[in-house]
Amino acid sequence: MTAMTYDPRQAAEDNIRIMPTSDDLKKPHSDQEFIEKALREERSNHKNLIASSREELPSIYINGVMIDKTAIAQELQYHPAPTKEDALFSAAQALVVRELLKLAVLEDEDLGQAAWEANEEQAISDLIEKNVVATTPDSDTCERYYEQNKADYKTAPIMSVRHILLASLPEDGEERLLLKKQAYELIDQIKNSQNADAEFIELARKYSACPSKEQGGELGILTQGQTVPEFESVVFAMDQGLAPSPVETRYGFHIVDVLDKQPGVQLDYLQAKPAIANKLAQQAFHHGLCDYLYTLADNAEIEGIEMELAQENIFRG
């Protein structure tokens with residue numbers, strides 16, 4: 001395999017995606033302007049063999065056959081990244097990997113052209129199942145992993161929370177300043193009330209923009225993953241009681257009162273073992289898949305990209 005000048009080490013080391021999930025297909029196309037500009041350059045007979053700037057699509061060859069640049073442009077939407085260069089590399093490499101797998105299917109005596117034409121994704125899955133063997137972790141390995149990572153195996157904490165939402169759009173800077181000031185005033189009003197519980201309920205019904213206002217602001221029992229990250233990261237770190245400052249989210253400012261908090265419970269080894277065994281088996285599979293893909297790459301003539309296969313998320317079937 002020939003090492004070329006389009007070097008992924010100049011970009012962030014992102015995980016590789018071969019095929020989009022259904023969630024990926026729902027994502028808005030964030031690079032449309034970039035793609036259209038690159039395609040315009042190609043139509044103007046750009047003759048560079050490889051990408052010479054971030055505004056061009058690379059010319060990549062596998063065994064002398066060039067990957068369609070339109071396919072690279074279309075693949076970009078499935079590879080969000082910090083920079084366009086990072087996205088371009090990930091998209092191009094994903095297509096290279098898929099082409100390598102296709103060639104391996106075609107050369108496999110049990111699969112071949114018929115399997116590829118019948119169902120491409122099934123053919124790739126059958127190829128990988130045949131050539132990638134993942135070791136099953138034994139009990140001793142699982143137990144050592146548990147002892148080294150105990151903190152990762154706890155039940156999620158449970159919170160009982162109520163809030164008052166002073167709503168504002170993120171771009172309304174001036175309004176947000178006013179609402180933040182109002183939120184602090186309402187917090188002081190609750191703290192100084194002779195009946196803080198009743199005061200909170202009354203203010204929630206009067207000011208909150210959340211439907212929970214009808215229940216005095218109560219959100220009920222919350223576990224992690226139920227609310228937006230900026231709310232969750234603050235609230236789950238709180239102790240029981242009224243927060244001394246409002247919590248800002250994309251929706252506005254929240255006056256938060258934690259009514260009850262039950263911390264997560266440590267799982268013992270037997271409870272955690274199934275999850276640990278599954279995690280270690282997946283890691284073994286990804287390592288084996290990486291080794292197999294590197295073998296395919298070594299046996300091919302690749303020009304225009306230097307492959308950098310990550311250890312995670314290489315194949316998602």
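**Reading the pocket, the core and the cysteines**

Mentor: Gladly! Keep in mind that this is a predicted model. Let us begin with the largest pocket: strand E2 (65–66) and helix H4 each supply at least two residues of its lining.

Trainee: Which element gives the most to the lining of the largest pocket?

Mentor: That is H4, with five residues. The lining has 13 residues in total, and Ile62, Ile67, Leu95, Glu99 and Lys102 lie nearest the centre of the pocket. The space inside comes to about 220 Å³.

Trainee: How do the residues of the lining divide into nonpolar, polar and charged?

Mentor: Seven are nonpolar, five are charged and one is polar.

Trainee: Now the core, please. Which residues have the most contacts inside the largest nonpolar core?

Mentor: They are Val96, Leu100, Leu101, Ile302 and Ile305, in a core of 37 residues. At least two core residues come from each of H3 (69–75), H4 (84–107), H5 (112–118), H6 (120–131) and H11 (269–298). Here too H4 gives the most, this time with 12 residues.

Trainee: And the cysteines? Is Cys142 buried or exposed?

Mentor: Buried means under 20% relative accessible area. Cys142 has 1% relative accessibility, so this residue counts as buried. Cys210 is at 15%, and therefore counts as buried as well.

Trainee: How many disulfides does the count come to?

Mentor: In general, a disulfide is a covalent bond between the sulfur atoms of two cysteines. To be counted, a pair of cysteine sulfur atoms must lie within 2.5 Å. By this rule, the model has zero disulfides.

Definitions and conventions
Residues are numbered from 1 along each chain as its sequence is written. This is a predicted model: local features need pLDDT of at least 70, side-chain atom pairs count only at pLDDT 80 or more; totals for chains, interfaces and linings use all residues. Side-chain values use heavy atoms; hydrogens and water are left out. Buried means under 20% relative accessible area, exposed over 50%, partly exposed in between (1.4 Å probe, protein chains only). A nonpolar core is a set of buried Ala, Val, Leu, Ile, Met, Phe, Trp, Tyr and Cys residues joined through side-chain atoms within 4.5 Å. Helices (H or I, at least four residues) and strands (E, at least two) are DSSP runs, numbered from the N terminus. On a 1 Å grid over the protein atoms alone, a cavity is a set of points where a 1.4 Å probe fits but cannot get out, and a pocket is an open set with protein on both sides within 12 Å along at least five of seven lines; lining residues have an atom within 4 Å of a point. Grid points are joined across faces, edges and corners, and a volume is the space filled by probe spheres set on the points. Ala, Val, Leu, Ile, Met, Phe, Trp, Tyr, Cys and Pro count as nonpolar, Asp, Glu, Lys and Arg as charged, and the others, Gly among them, as polar.
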